[in-house]
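Here is a short tour of a model you have open beside this text. Let us start with how the chain is divided and then look at how its parts pack.

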Amino acid sequence: MTFSSVKNKQRLSDSVQRIKPSGIRRFFDLASTMDNVISLGVGEPDFVTPWNVREASINSMERGHTAYTANAGLLELRQEISKYMKQRFQVSYQPEGEVLVTVGASEGIDLAVRAIVNPGDEVIVVEPSFVSYAPIVSLAGGVPVPIGTKKENDFKLTPSQLEEAITARTKAIILCFPNNPTGATMTENELKEIAYLVEKHDLLVLSDEIYAELSYDEPHYSFPRCEGMWDRTILISGFSKAFAMTGWRLGFICGPEDIVSAMLKIHQYTMMCASTLAQHGAIEALQNGQEDVSRMVTSYRQRRNYLVKAFDEIGLPCHFPGGAFYAFPDISPTGMNAEEFAEQLLVEEQVAVVPGDVFGEGGETHIRCSYATSLDSLRTAIERMGAFLERHKIN
Ligand code: PMP
């Protein structure tokens, strides 16, 4: 008898077989084989983490802080997070019990979903959106229910769209404003209309506010500030975007104690704790990083203003994004679909963008262009895209 009979068993779980790999990857694999590519593809800052933050982390290692921290994260870091969230976004969370330090916002999303979703529960995902939400819901046994926001509504979620998607099985809704990939933001009043429905239908909310600092026109209004929403919201955030710390893999969540302690239970078995040296850097980022954040925000705002106007001038209509670092122009005037447009643009002009359909409903005739890259690169990208559009005759 040989061991090959083991192969008759299905090796992979049903849930992992149901999800598709991220659609973003294919373009980067293609781009990495080409020379002279300008990438508007990646969703991460082009800034290096400010020196004082790197130095604080190096110093912590020199002092020998190389062991695990508390499962929920260093108390000092949680205290800083609590202070920061209060001062910056007017939301109050106790460092002990209501704040959890995670391995990126990514882990926060996964923990939040796993802590609240039972098999068959529906979770509304407001799309176009960050690519992880729907697969994470599926992996947890839930059913992602997409709502496609629309360009004519500035990619905001409307109350009527939400009300239509809610069923007796709806458990939660995932919101992300400022949004990846559209850059859309929502005002206090618009969020309050959503909050009314959340209360009426007894839902929970995962509010991914990782781009909160990158709000260029209006101050960010944090969802748990809406009346009645503190107790229903898991607020997800992190250091990757505003503090230019993507590679540090550090995020945090804030929420009511019962949900946070459930999330902590999963986190302590799956992660133990987030990286100790990253946590030491993050303390410095929160204590002394606000000026650097403002400097980067000023630069992103300038790039946004340039890019959206330039798209207009070369004939690509683009919604004006209030936050994050993405523009989401409409490529329907070219008659191509988003995948064709992105692939041909890369092959013919060596500009990498992401086709909007990978972000779900509502993204089909758009491309995501990240402006977390230098103004010089943006100018060259626009020249090349202009030439591309000339050749492909906009009608
Ligand atoms: N949420 C959104 C909306 C994002 O765009 C990203 C990163 N692209 C994340 C979460 C994940 O961030 P992190 O690096 O903190 O895991």
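## Domains

Domain bounds here come from an automatic or database domain assignment. That assignment gives the protein domain 1 (15-49 + 291-391) and domain 2 (51-288). Taken over C-alpha atoms, the centres of domain 1 and domain 2 are 25 Å apart.

How many residues of each domain are in contact with the other? The answer is 35 residues of domain 1 and 39 residues of domain 2, where two residues are in contact if their C-beta atoms, placed from the backbone, lie within 7 Å. On the side of domain 1 that touches domain 2, helix H1 (14-18), helix H11 (290-314) and strand E9 (326-327) are the elements that give two or more residues. Helices (H or I, at least four residues) and strands (E, at least two) are DSSP runs, numbered from the N terminus. H11 supplies the largest share of that side, six residues. By class, the side of domain 1 that touches domain 2 holds 17 nonpolar, 11 polar and seven charged residues. In this scheme Ala, Val, Leu, Ile, Met, Phe, Trp, Tyr, Cys and Pro count as nonpolar, Asp, Glu, Lys and Arg as charged, and the others, Gly among them, as polar.

## Confidence and conventions

This is a predicted model: local features need pLDDT of at least 70, side-chain atom pairs count only at pLDDT 80 or more, and totals for chains, interfaces and linings use all residues. Residues are numbered from 1 along each chain as its sequence is written.

The pLDDT, the predictor's confidence in each residue from 0 to 100, averages 95 for the protein, and 97% of the residues score at least 70. The model has an ipTM of 0.99 and a pTM of 0.96.

## Helix H3 against helix H10

Helix H3 (residues 51-62) packs on helix H10 (residues 276-288) at an angle of about 140°, and their axes are 8 Å apart. Axes are lines fitted to C-alpha atoms, for helices over the stretch in contact, and angles run from 0 to 180 degrees between N-to-C directions. H3 and H10 are therefore oblique to each other; angles under 35 degrees count as roughly parallel, over 145 as roughly antiparallel, 65 to 115 as roughly perpendicular and the rest as oblique.

The crossing of H3 and H10 is right-handed. A crossing is left-handed if the near helix is turned anticlockwise from the far one by less than a right angle, and right-handed if clockwise. From H3, the contact includes Asn52, Val53 and Arg54, while the H10 side includes Leu277, His280 and Glu284. Seven nonpolar, six polar and two charged residues make up the contact of H3 with H10.

## Helix H5 against helix H9

The axes of helix H5 (residues 104-116) and helix H9 come within 9 Å and cross at roughly 110°, so H5 and H9 are roughly perpendicular to each other. Their crossing is right-handed. Leu111, Ala112, Arg114, Ala115 and Ile116 of H5 meet Ile259, Ala262, Met263, Ile266 and His267 of H9. The contact of H5 with H9 has eight nonpolar, one polar and one charged residues.

## Backbone details in the loops

Which peptide bonds are cis? One runs from Glu127 to Pro128, with omega near 0°, and Pro128 sits in the loop between strand E3 (122-127) and helix H6 (133-139). Another runs from Asn180 to Pro181, with omega near 20°; Pro181 belongs to the loop between strand E5 (170-175) and helix H8 (188-200).

Met272 is a residue other than glycine with a positive phi, near 75°. Its place is the loop between helix H9 (257-270) and H10.
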